[in-house]
Amino acid sequence: MTLPPPRFGSAGEHQLQQQLGTAERAARFYDQQVRPCLTPEMRDFIGCQTMLFLATADSHGNCDSSFRAGPPGFVHVIDDHSLAYPEFRGNGVLASAGNMTENPHLGLLFVDFTHHHVGLHVNGVAQLYTDAGLRSLHPDLPTGLAPGRSPEMWVRLSVEEAYIHCSKYIPHLEPAPRPAGHDAARPKDAQYFTGLGTPG
């Protein structure tokens, strides 16, 4: 008798679970924590977040991770099965969006470092839209997310799975005061890691 494929998790996950004896524990996690859509609690959590980490890969599996931030609500939950976030003009490399044109699978991680100290993974399939194109479909998209700037595009994610990142290893952080002269003492961003920068 052939068993149906597991509802959640990759083939690699399930292979290692068998090898390491964690399959039963993992099955409980999939059953109790992983959802194929966004619950009301997840939607509320996303609406409060000011940052996210994202993971993409190109068609050859070469990976990239990045970071996005904005005011609460900059990630807009469209419905239980989809959300969207804006892409503003950056360094012109477009590494994340470029990967999505080759491989639309996208992983997002939201982490609350200061309040409830939990995280939320949201994985799915991404599509890129112009600002006007997505607003024509969803007129309630937020505006004014970056004063004086408009999104170059939006990433719309069709959710395939969403699950908690537990609080055990999430550090408790709070904003630190900037020391006097902090900005003057650091290299400019473009020179920060090159060894070529001078303070200013």
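Which residue in β2 is the bridge partner of Leu52? In this predicted model, that partner is Arg68. Arg68 also takes part in a salt bridge, with Glu87, and the count of salt bridges comes to four. The points below cover the hairpin and three of these pairs.

**The β1–β2 hairpin**
- Strand β1 (residues 51-57) pairs with strand β2 (residues 63-69) in the antiparallel sense, over seven bridges.
- Five residues lie between the two strands of this hairpin, and Gly61 has a positive phi near 90°.

**Salt bridge Arg68–Glu87**
- The closest N and O atoms of Arg68 and Glu87 are 3.0 Å apart.

**Salt bridge Arg43–Asp80**
- Arg43 and Asp80 form a salt bridge in which the closest N and O atoms are 2.5 Å apart.
- Arg43 lies in helix α3 (residues 40-48) and Asp80 in the loop between β3 (76-79) and β4 (82-87), so the pair ties together parts that are 37 residues apart in sequence.
- Arg43 is partly exposed, at 29% relative accessibility, and Asp80 is likewise partly exposed, at 32%.

**Salt bridge Arg28–Glu24**
- The side chains of Arg28 and Glu24 form a salt bridge with an N to O distance of 3.6 Å.
- Both residues belong to helix α2 (residues 23-33), where they are four residues apart, about one turn of the helix.
- Arg28 is partly exposed, with a relative accessible area of 42%, whereas Glu24 is exposed because its relative accessibility of 62% is over 50%.

Conventions:
Residues numbered from 1 in each chain as written. Predicted model: local features only at pLDDT ≥ 70, side-chain atom pairs only at ≥ 80, totals over all residues. Heavy atoms only, no water. Pairing = 2+ DSSP bridges. Buried < 20%, exposed > 50% of the residue type's maximum accessible area, 1.4 Å probe, protein only.
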